[in-house]
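Q: I would like to learn how to read the features of a model one at a time. Can we take a case and work through it?

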Amino acid sequence: MIDDTAIHAKAKAALVNDPVVSGTAINVDVERGVVILDGAVNGDVEKRKAEDIVRGVDGVRSVQNNILVRQ
C-alpha cells in the first residue's frame, strides 16, 4: 500500500503540472488513500479535471471534491 505522503506528493505535482488546472489554488489532503480537494477554481471544467487527475494517481482509493467554482 502506498502511504498518504507519497499520494499527496504525486497528486499535488500532477495538479501543478497540468496546463488546465490551477494547481496552486487547490489544497490536497490525504487520509488512508482518500484524497480531499479544497480551494477555488474558475469553472466546472477545471473542477472536474482536478478530480480526474487525482483519481489517476496510484494509490488513491477515492476523491472527495470540495473545490468551489468562483462566480
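Q: Is T5 buried or exposed?

A: This is a predicted model, in which local features need pLDDT of at least 70, side-chain atom pairs count only at pLDDT 80 or more, and totals for chains, interfaces and linings use all residues. Residues are numbered from 1 along each chain as its sequence is written, and side-chain values use heavy atoms, with hydrogens and water left out. Buried means under 20% relative accessible area, exposed over 50%, and partly exposed in between (1.4 Å probe, protein chains only). T5 has a relative accessible area of 62%, so T5 is exposed. The residue sits in helix α1; helices (H or I, at least four residues) and strands (E, at least two) are DSSP runs, numbered from the N terminus. From T5 to D52, 47 residues along the chain, the C-alpha atoms are separated by 19 Å.

Q: How do α1 and α2 pack?

A: Two packed helices are described by the angle between their axes and the distance between the axes. Here α1 covers residues 4–17 and α2 residues 44–55; the angle is about 140° and the axes are 9 Å apart. Axes are lines fitted to C-alpha atoms, for helices over the stretch in contact, and angles run from 0 to 180 degrees between N-to-C directions. Angles under 35 degrees count as roughly parallel, over 145 as roughly antiparallel, 65 to 115 as roughly perpendicular and the rest as oblique. α1 and α2 are therefore oblique to each other. Their crossing is right-handed, the term for a near helix turned clockwise from the far one by less than a right angle; anticlockwise gives left-handed.

Q: Which residues of α1 and α2 meet?

A: Contact means heavy atoms within 4.5 Å. On the α1 side are A11, A14 and L15, and on the α2 side A50, I53 and V54. By class, this contact has six nonpolar, no polar and no charged residues. Ala, Val, Leu, Ile, Met, Phe, Trp, Tyr, Cys and Pro count as nonpolar, Asp, Glu, Lys and Arg as charged, and the others, Gly among them, as polar.

Q: How many residues are in the largest nonpolar core?

A: A nonpolar core is a set of buried Ala, Val, Leu, Ile, Met, Phe, Trp, Tyr and Cys residues joined through side-chain atoms within 4.5 Å. The largest one has 17 residues, and L15, I26, V28, V35, L37, V54 and V60 have the most contacts inside it. Two or more residues come from each of α1, β1 (26–31), β2 (34–41) and α2. Not counting residues up to four places away in sequence, L15 touches V21, G23, I26, V28, L37, A50, I53 and V54.

Q: Is E46 buried or exposed?

A: E46, in helix α2, has a relative accessible area of 8% and is therefore buried. Beyond its neighbours within four places in sequence, E46 is in contact with V20, V21, S22 and V41.

Q: Where does A40 lie?

A: A40 belongs to strand β2. Its relative accessible area is 22%, so A40 is partly exposed. Setting aside neighbours within four places in sequence, A40 is in contact with A25, I67, L68 and R70.

Q: Which loops hold R32 and G56?

A: R32 is in the loop between β1 and β2. Its phi is positive, about 55°, although R32 is not a glycine. R32 counts as exposed because its relative accessibility is 60%. G56 is in the loop between α2 and β3 (62–65), and G56 is exposed at a relative accessible area of 64%. G56 and A14 are 42 residues apart in sequence and 9.4 Å apart in space, C-alpha to C-alpha.
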